[in-house]
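Please read the following briefing alongside the sequence and the model.

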Amino acid sequence: MIKTPVIHPTIMEVLARSGHFAQVVIADGNLPVGAMNGPNSTTVHLNFRPGLLDALTVLEGLLEVCPFQGAIVMEKPKEANAEIHDAYKSLLGDVKWDEMERWAFYDKIKEPTTTLIIQTGEQRRFANLILTVGVVKMAEESNF
């Protein structure tokens, strides 16, 4: 039996194959993931219906099983609301944070380093998130 908080077989398999610098995408319910697949990406559809599963729930689960060193979101227009970005920052803590122009963000998803795209039922705008896999640090490597 698996004792990790995440038990989805495809997600666990792809994360196990993903090394340092691999990209994992949490996609909202509106991202056209079929047009975003790169040559090495696997797409998992968790968007059963609007709002299920939401992006924050997926991020919380991923953080329990995989180290991340970077996060990228799409720049939002000045007048738009993207409170979910603050929620991401809160969950991610010291992870390097970046924002990227819309079309460059889409191109980033399509890169060969993207190994996993998880489409959620998230309905909040600007909820797409690209995570960069980090390394598992050993206790004696605190300054590595």
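Of the 144 residues in the protein chain, 42% are buried, where buried means under 20% relative accessible area, exposed over 50% and partly exposed in between (1.4 Å probe, protein chains only). The model is predicted: local features need pLDDT of at least 70, side-chain atom pairs count only at pLDDT 80 or more, and totals for chains, interfaces and linings use all residues. Residues are numbered from 1 along each chain as its sequence is written, and side-chain values use heavy atoms, with hydrogens and water left out.

**Overall form**

- The radius of gyration of the protein chain is 15 Å, which agrees with the value near 15 Å for a compact globule with 144 residues; the radius is taken over C-alpha atoms, and the globule rule is 2.2 Å times the number of residues to the power 0.38.
- The C-alpha trace spans about 45 × 35 × 25 Å along its principal axes.
- Among contacts with a separation of 6 or more, 89% join residues 24 or more positions apart; a contact means heavy atoms within 4.5 Å.

**Secondary structure and strand pairing**

- The protein chain has four helices and six strands, taken as DSSP runs numbered from the N terminus (helices H or I, at least four residues; strands E, at least two).
- Their order along the sequence is α-β-β-α-β-α-β-α-β-β.
- Strand β3 (residues 68–74) has six of its seven residues buried, so the rest of the structure largely encloses it.
- β3 pairs with strand β6 (residues 129–133) in the antiparallel sense over five bridges; two strands pair if DSSP finds at least two bridges between them.
- Phe68 has Val133 as its bridge partner in β6.
- β3 and strand β4 (residues 96–100) run parallel and are joined by five bridges.
- Gly70 has Lys96 as its bridge partner in β4.

**Aromatic pairs**

- Rings of Phe, Tyr and Trp (its six-membered ring) pair if their centres lie within 6.5 Å, with planes under 30 degrees apart counted as stacked, over 60 as edge-to-face and the rest as tilted.
- By this rule there are two aromatic pairs.
- In one of them, the ring centres of Trp103 and Tyr106 are 5.3 Å apart and the planes stand at 75 degrees, so the pair is edge-to-face.
- Trp103 and Tyr106 are three residues apart in helix α4 (residues 102–109), a separation of about one helical turn.
- Trp103 is exposed at 53% relative accessibility, whereas Tyr106 is buried at 11%.

**Salt bridges**

- The structure contains three salt bridges, each a side-chain nitrogen of Lys or Arg within 4 Å of a carboxyl oxygen of Asp or Glu.
- Glu13 and Arg17 form one of them, at 3.1 Å from N to O.
- Both residues, Glu13 and Arg17, belong to helix α1 (residues 9–17) and lie four residues apart, about one turn of the helix.
- Glu13 is partly exposed at 43% relative accessibility, and Arg17 is partly exposed at 47%.
- Lys108 and Glu111 meet in a salt bridge at 3.4 Å, N to O, and Glu111 is partly exposed with a relative accessible area of 28%.
- Between Arg124 and Glu122, the closest N and O atoms of the salt bridge are 2.7 Å apart.
- Arg124 is partly exposed at 37% relative accessibility, while Glu122 is buried at 3%.
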